[in-house]
Amino acid sequence: METNAFNQKLNRYILNNQIVYTGFSSFKEAEECAQKKEGALVEVGFKDGNDNPEITTEAGLIEKKLHYYVDAGEEYKFIHSSDPGFRKYADELQKIKSNEKQYSPEERYIANFEIENVEDPIIVIKNDHFESVTSRERSKYLKHAKVYEIGVAVLKS
């Protein structure tokens with residue numbers, strides 16, 4: 001079983017005559033895997049609201065050295081747990097929730113379980129306002145989003 005840097009299982013797809021792995025936690029991790037497996041970096045798109053991958057170059061992940069990107073239109077922004085602004089948003093959400101729910105001082109310091117317990121969390125912002133927290137896998141099925149991930153393609157033997 002192949003895993004990423006967070007010990008999460010990589011996704012494995014068979015496309016044409018290739019095995020394509022996705023689910024990397026960084027671009028660098030995908031590069032290292034490609035080198036180790038003597039494979040090639042590819043951009044994989046999930047564009048039909050399902051887990052049906054296709055190799056594409058639409059998001060330019062390889063050129064931008066990104067491992068994950070979501071396009072759900074101008075009103076939506078998806079902030080991945082590895083994005084620089086994620087912690088700021090997560091901390092802000094925790095403050096808002098504790099104020100809304102009138103948590104005791106002790107409870108205010110407990111982790112935001114909604115964010116922390118989601119595997120590979122993604123914060124969804126709509127029109128500059130928090131909408132929800134989701135996972136990287138579930139983002140493929142939301143808002144008619146086009147989800148792009150860096151992948152490693154290896155020739156099927």
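I started at V44, which stands opposite E149 in β9. Seven bridges join β3 to β9, and the two run antiparallel. I count strands as DSSP runs (E, at least two residues) and helices likewise (H or I, at least four), numbered from the N terminus. Two strands pair if DSSP finds at least two bridges between them.

This is a predicted model: local features need pLDDT of at least 70, side-chain atom pairs count only at pLDDT 80 or more, and totals for chains, interfaces and linings use all residues. Residues are numbered from 1 along each chain as its sequence is written, and side-chain values use heavy atoms, with hydrogens and water left out.

Next I checked other partners of β9. Strand β2 (residues 18-22) pairs with β9 in the antiparallel sense over four bridges. There I19 faces V154. Strand β5 (residues 68-71) is also antiparallel to β9, joined by four bridges. Y69 sits opposite Y148.

How enclosed is β9? Eight of its ten residues are buried, so the rest of the structure largely encloses β9. Buried means under 20% relative accessible area, exposed over 50%, partly exposed in between (1.4 Å probe, protein chains only).

Then I turned to helix α1 (residues 27-37). F27, E29, A30, C33 and A34 are buried. Down the axis of α1 they fall within an arc of 160°, so they line one face; the arc is that of the directions from the helix axis to the C-beta atoms. The face turned away carries exposed K28, Q35 and K36.

Last entry: E38 follows α1 with a positive phi, near 55°.
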